[in-house]
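Welcome, and thanks for taking a look at this structure. Please have the sequence and the 3D view open while you read the short tour below.

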Amino acid sequence: MQKLHKHYEGKRVLLTGHTGFKGSWMLVALQELNAEVWGISLSAENNSFYNSINGDSLCKSVICDIRNESNLRKLIVEINPDIVFHFAAQPLVLDSYENPIYTFETNVCGTVNVLNSIRHIKKQCEIIVITTDKVYENKEWSYPYREIDALGGHDPYSASKACAEIVVSSFRKSFFQPEQYSDHKKSIVTARAGNVIGGGDWSKNRILPDTVKSIFKNEKLTLRNPHSIRPWQHVLDALFGYLILGAKLHDNPEKYSKAYNFGPINELVITVEELVQYIIQIWGYGNYEILSEVNDFHESARLMLDCSSAVNDLAWHPRWNTHHAIKHTVEWYKNVMLEIDSPLDITKKQVKSYFSTTRND
């Protein structure tokens with residue numbers, strides 16, 4: 001924590017997609033580290049996590065669509081950031097089936113626009129591009145995917161994020177070559193994590209918010225894929241990895257300019273149904289049913305990550321195991337929905353608690 005605080009204090013950090021779920025949690029974490037935060041994103045929805053924590057008070061916020069290359073480049077050059085975390089994306093699998101063009105435009109062309117804009121910054125700058133665990137060609141293997149495994153993507157969201165990985169690799173080889181760092185002073189990595197959970201996620205078709213909303217309304221939850229396996233982890237574990245990566249990249253850009261997986265390590269396998277059962281156990285009541293109809297859209301049943309590179313290279317390790325992650329997440333929703341704490345207060349408490357934790361294996 002002290003090393004991260006020393007590195008980020010006073011640094012000008014740009015978050016794209018700062019009004020989203022991950023971006024909003026990162027705002028609070030960077031405030032804890034005393035960074036100067038700027039944000040570029042679409043407007044937050046009225047009932048968003050960002051608005052509930054008064055995100056505009058935590059950063060200098062600029063509304064801009066990353067698909068607008070000329071406006072984006074002007075903004076990024078004016079902000080002149082030391083570090084960029086590129087979160088902005090269309091992040092939902094089911095939405096990508098409904099609007100594939102927008103998904104590819106945002107996740108692929110938007111990433112191109114961000115990276116091309118950074119070429120015009122005339123100082124040292126670290127860029128961490130956030131993709132997903134779904135960038136891999138998923139063959140439903142029982143063993144975890146490594147960073148060297150083939151990229152792919154069945155649905156438009158996964159495919160668009162795999163394309164973004166290729167875009168980053170192209171820009172690294174074409175414009176941000178690690179061996180020529182002294183000339184351009186730019187270093188770039190991708191961070192692959194998925195199925196992060198945490199308070200404040202109100203997105204539709206996400207299992208944890210859907211579960212707590214159904215419990216709160218005393219409605220029966222419907223499960224589409226009860227036996228699917230996902231690497232559940234708290235959003236702060238992923239963000240902690242991104243923050244470490246940004247600091248390491250600053251110190252040794254040639255060594256760390258590559259892709260890294262961030263996910264649970266040595267965890268018991270937990271299915272969607274087991275996750276829901278545990279949430280109900282923590283809350284104290286709830287009910288669900290399993291959808292017997294065939295799902296119209298493809299969703300992978302098994303997806304696990306090999307995070308040994310992050311552990312060995314970055315000395316990163318999840319601080320909250322799966323059960324702790326679920327407990328803290330349910331605690332957030334329960335405190336907010338029962339009006340025990342404000343969204344910002346409980347978020348700050350959990351960020352402080354996370355940073356003061358060593359590990360809970």
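## Val-272 and its surroundings

Not counting residues up to four places away in sequence, Val-272 touches Ile-207, Leu-223, Asn-225, Pro-226, Ser-228 and Trp-232. Before we go further, please keep in mind that this is a predicted model.

**More on Val-272**

- Val-272 belongs to helix H12, which covers residues 272–283.
- The relative accessible area of Val-272 is 11%, so this residue is buried, the cut-off being under 20%.
- Lys-22 lies 250 residues away from Val-272 along the chain, and the C-alpha atoms of the two are separated by 21 Å.

**Helix H2 and its two partners**

- Two packed helices are described by the angle between their axes and the distance between the axes.
- Helix H2 (residues 21–32) and helix H15 (residues 343–356) have axes that come within 10 Å and cross at roughly 60°.
- H2 and H15 are therefore oblique to each other.
- The crossing of H2 with H15 is right-handed.
- On the H2 side, Trp-25, Val-28, Ala-29 and Glu-32 take part, and they meet Leu-344, Thr-347, Lys-348, Gln-350, Val-351, Lys-352 and Phe-355 in H15.
- Sorted by class, the residues of the contact of H2 with H15 are six nonpolar, two polar and three charged.
- H2 also packs with helix H10 (residues 235–251), at an angle of about 65° and with the axes 10 Å apart.
- H2 passes H10 in a right-handed crossing as well.
- From H2, the residues that make the contact with H10 are Phe-21, Lys-22, Trp-25, Met-26 and Leu-30, while H10 brings Val-235, Leu-236, Leu-239, Tyr-242 and Leu-243.
- The contact of H2 with H10 has nine nonpolar residues, no polar ones and one charged residue.

**Helix H9 against helix H14**

- The axes of helix H9 (residues 207–216) and helix H14 (residues 322–337) cross at roughly 40° and come within 11 Å.
- That angle makes H9 oblique to H14.
- H9 and H14 cross in a right-handed way.
- Leu-208, Pro-209, Val-212, Lys-213 and Phe-216 of H9 make the contact with Thr-329, Tyr-333 and Met-337 of H14.
- The residues of this contact of H9 with H14 divide into six nonpolar, one polar and one charged.

**Two serines in helices**

- Where is Ser-96 found? Ser-96 sits in helix H5 (residues 93–98).
- Ser-96 has 0% relative accessibility and therefore counts as buried.
- A polar atom of the Ser-96 side chain lies 2.5 Å from the backbone oxygen of Val-93.
- The side chain of Ser-96 also reaches the backbone nitrogen of Tyr-157, at 3.0 Å.
- With neighbours within four places in sequence left aside, Ser-96 is in contact with Gln-90, Thr-103, Asp-155, Pro-156 and Tyr-157.
- Ser-214 is found in helix H9.
- Ser-214 counts as buried because its relative accessibility is 8%.
- Glu-219 and Leu-221 are in contact with Ser-214, once its neighbours within four places in sequence are left aside.

**Lys-248 in helix H10**

- Lys-248 has its place in helix H10.
- Is Lys-248 buried or partly exposed? Lys-248 is partly exposed, with a relative accessible area of 27%.
- Lys-248 touches Tyr-256, Asp-313 and Leu-314, not counting residues up to four places away in sequence.
- Glu-126 is 122 residues from Lys-248 in sequence, and the two are 9.7 Å apart in space, C-alpha to C-alpha.

- Most residues other than glycine have a negative phi.
- Asn-54 has a phi near 55°, a positive value in a residue other than glycine.
- Asn-54 lies in the loop between helix H3 (49–52) and strand E3 (60–63), and at 45% relative accessibility it counts as partly exposed.
- Asn-80 is not a glycine either, yet its phi is positive, at about 55°.
- The loop between helix H4 (69–79) and strand E4 (83–86) holds Asn-80, which counts as partly exposed at 31% relative accessibility.

Conventions:
Residues numbered from 1 in each chain as written. Predicted model: local features only at pLDDT ≥ 70, side-chain atom pairs only at ≥ 80, totals over all residues. Heavy atoms only, no water. Axes fitted to C-alpha atoms, helices over the stretch in contact; angles between N-to-C directions. Helix = DSSP H or I, 4+ residues; strand = E, 2+ residues; numbered from the N terminus. Parallel < 35°, antiparallel > 145°, perpendicular 65-115°, else oblique. Left-handed = near helix turned anticlockwise from the far one by under 90°. Contact = heavy atoms within 4.5 Å. Nonpolar A, V, L, I, M, F, W, Y, C, P; charged D, E, K, R; others polar. Buried < 20%, exposed > 50% of the residue type's maximum accessible area, 1.4 Å probe, protein only. Polar contact = N/O pair within 3.5 Å; in protein donor to acceptor, adjacent residues only side chain to side chain.
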